[in-house]
Amino acid sequence: VCDISQRLGGLDAVLIFYGVLGDEAAAARDIVELRRQLRVNFDSPIEWAAAAAAVLEGSPHPDPVIVAIGSVAGDRGRASNKTYGAAKAGLAVYMQGLAHKGGDAGKRLRAVTIKPGFTDTPMTDGLPKGGPLWSSADRVAQDVVAALSGGGPIRYSPWFWRWVMLIIRLLPQPIMDKLKL
């Protein structure tokens, strides 16, 4: 990130946007697949965020920001995507820590995690789509642009996922266990 910043003449924002849904059954059987999913969704984004924070703390820009893609899957553990959800939960907590810390140099560094719900992207190609909970990549992109301008440390995309996930987080475990989520 430091080299990239020097070549570009400085940075005011870093976007960290990648991930893999992965095959949960394969991850349960194969530690190599489990590690691959964790590496892509947790380790690597945190490494980029740490490097970006170090560079952005020295930025002359008055409002440096890191924006990373998380997921509503990180709000509550579910058997169907526990590896992906755990990785995205960890990424969100790390980003919250960056936002809380605000930067080692005392400069106000913003760190924002975008938490989309179901989004029509290549990652979700194998899933049945449709209904009011599905969103487009363009809609999520609008929320990313808004996050660059202010706010944080968590932004649900679209906005209604904040309330959907609040309900899901508050469900007692016996009720959650009966749901096929």
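In which loop does Pro153 lie? Pro153 is found in the loop between α5 and β6. Helices and strands here are DSSP runs, numbered from the N terminus (helices are H or I, at least four residues; strands are E, at least two). The structure is a predicted model, in which local features need pLDDT of at least 70 and side-chain atom pairs count only at pLDDT 80 or more, while totals for chains, interfaces and linings use all residues. Residues are numbered from 1 along each chain as its sequence is written, and side-chain values use heavy atoms, with hydrogens and water left out.

The peptide bond that leads from Gly152 into Pro153 is cis, with omega near 0°. Another cis bond joins Ser157 and Pro158, with omega about -15°. Pro158 sits in the loop between β6 and α6.

Trp159 also lies in the loop between β6 (154–157) and α6. Trp159 counts as exposed because its relative accessibility is 58%. The classes follow relative accessible area: buried is under 20%, exposed is over 50%, and partly exposed is in between (1.4 Å probe, protein chains only). Trp159, Trp163, Leu166 and Leu170 make a nonpolar surface patch of about 490 Å². Patch residues have over 30% relative accessible area and no salt bridge; like charges are joined within 9 Å, and nonpolar side chains (Val, Leu, Ile, Met, Phe, Trp, Tyr) within 5 Å. Areas come from the Shrake-Rupley method with a 1.4 Å probe, and for residues only the protein chains shown count as cover.

Rolling a probe the size of a water molecule over the atoms shows where empty space is left. A pocket is an open set of points on a 1 Å grid over the protein atoms alone, where a 1.4 Å probe fits, with protein on both sides within 12 Å along at least five of seven lines; lining residues have an atom within 4 Å of a point. The largest pocket has a volume of about 930 Å³. Of its 36 lining residues, Ser71, Tyr84, Gly117, Phe118 and Thr124 are the closest to the centre. Two or more lining residues come from each of α4 (82–101), α5 (137–149) and α6 (161–170). Helix α6 gives the most, with four residues. The lining divides into 22 nonpolar, ten polar and four charged residues. Volume is the space filled by probe spheres set on the grid points, which are joined across faces, edges and corners. Ala, Val, Leu, Ile, Met, Phe, Trp, Tyr, Cys and Pro count as nonpolar, Asp, Glu, Lys and Arg as charged, and the others, Gly among them, as polar.

Side chains of opposite charge can pair when their charged atoms come close. In a salt bridge, a side-chain nitrogen of Lys or Arg is within 4 Å of a carboxyl oxygen of Asp or Glu. The count comes to ten salt bridges. One of them pairs Arg35 with Asp43 (2.7 Å, N to O). Asp43 belongs to helix α3 (residues 31–56). Asp43 is buried, at 18% relative accessibility, whereas Arg35 is partly exposed, at 39%. The C-alpha atoms of Asp43 and Ala87 are separated by 8.3 Å, although these residues are 44 residues apart along the chain.

Arg169 forms a salt bridge with Asp75, with the closest N and O atoms 2.8 Å apart. Arg169 lies in helix α6 and Asp75 in the loop between β2 and α4, so the pair ties together parts 94 residues apart in sequence. Asp75 is buried at 12% relative accessibility; Arg169 is partly exposed at 36%. A network of salt bridges links Asp75, Lys115 and Arg169.
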